[in-house]
Structures are given as structure tokens and as C-alpha cells.
Amino acid sequence: MVRKSSGSSVKYVEVEWRDIISTAGWERSEDTKLPIFWSYGYLINHDDDEVRIATTKDEKGEWFGFTVIPPGCVKKISPLIKGGNRDQLKRKTIKPASKI
């Protein structure tokens, strides 16, 4: 199932994911842990093959600056909103600038 984002439906997200580790030395098994990372961007695609986020969009609406993560490595995708996550949202009234 493909879930592609386009237009105004594109969400800004935090992707929590595990990376792969490889060793070639004398490390003991208990000393090798999978690192966890968090990446931030606009969710462009989320399907059985990939989770794709982008950081930049041009004036034509084309996305750039991709991070593509295998879904099996993704622990969680959390939608974010400007100024914090949903639980931290503080509504502010913004007044238009006065003309001089």
C-alpha cells in the first residue's frame, strides 16, 4: 500500500529509527547496540518499501534533500506542527504588521 503525500497534505514529522551496526574487530556481542536516531522532514512517501522525508521544496513544488529509511528500521513516525508537537501546542494570535 502506497501512501504518498502531495500538496497541502504533506506533514512535517519526526521519524525515530534504528540504524544498522557492523563490526570487524574484537567487540563482544553485549557491547554492540543498535543506535537510535531521529530525523525530521516532510513526509513524502510511506509504503512497504520506504519512508521518505524531504527537507527542501522549490518554487515549483518539487522536493529535495531526501532521507529514505527502510520501514523495518522505523520505530515511530510522529506528526509535528510548527512550534512543537501536538501536546505542546500553544495557540498565538499574530497581528499583521502596521503600515508606516
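User: Which side chain of opposite charge is nearest to Glu14, and how far away is it?

Analyst: A salt bridge needs a side-chain nitrogen of Lys or Arg within 4 Å of a carboxyl oxygen of Asp or Glu. In this predicted model, the nearest side chain of opposite charge to Glu14 is Lys76, 5.6 Å away. Glu14 therefore has no salt bridge, although Glu14 is buried.

User: With which side chain does the side chain of Glu14 make a polar contact?

Analyst: The partner is the side chain of Tyr40, at 2.6 Å.

User: Where does Glu14 lie, and what is Glu14 in contact with?

Analyst: Glu14 is part of strand E2, which covers residues 12–18. With neighbours within four places in sequence left aside, the contacts of Glu14 include Trp38, Ser39 and Tyr40, and also Lys76, Ile77, Ser78 and Leu80.

User: Which strand holds Val74, and what is Val74 in contact with?

Analyst: Val74 belongs to strand E6, residues 74–80. Beyond its neighbours within four places in sequence, Val74 touches Val15, Glu16, Trp17, Val51 and Ile69.

User: How far apart are Val74 and Ile36 in sequence and in space?

Analyst: They are separated by 38 residues in sequence and by 9.6 Å in space, C-alpha to C-alpha.

User: Where is confidence lowest and where is it highest in the chain?

Analyst: Where pLDDT is low, the predicted coordinates should not be read in detail. Strand E1 (residues 3–4) has the lowest confidence, with a mean of 50, while strand E5 (residues 63–69) has the highest, at 98. Over residues 89–100 the pLDDT is below 50, and this stretch has 1 contact in the model beyond near neighbours in sequence. The chain average is 82, and 73% of the residues score at least 70.

Conventions:
Residues are numbered from 1 along each chain as its sequence is written. This is a predicted model: local features need pLDDT of at least 70, side-chain atom pairs count only at pLDDT 80 or more; totals for chains, interfaces and linings use all residues. Side-chain values use heavy atoms; hydrogens and water are left out. pLDDT is the predictor's confidence in each residue, from 0 to 100. Helices (H or I, at least four residues) and strands (E, at least two) are DSSP runs, numbered from the N terminus. Contact means heavy atoms within 4.5 Å. Buried means under 20% relative accessible area, exposed over 50%, partly exposed in between (1.4 Å probe, protein chains only). Lys and Arg count as positive and Asp and Glu as negative; His and the chain ends are not counted. A polar contact is a pair of N or O atoms within 3.5 Å; within protein, one must be able to donate a hydrogen and the other to accept it, and residues adjacent in sequence count only if both atoms are side-chain atoms.
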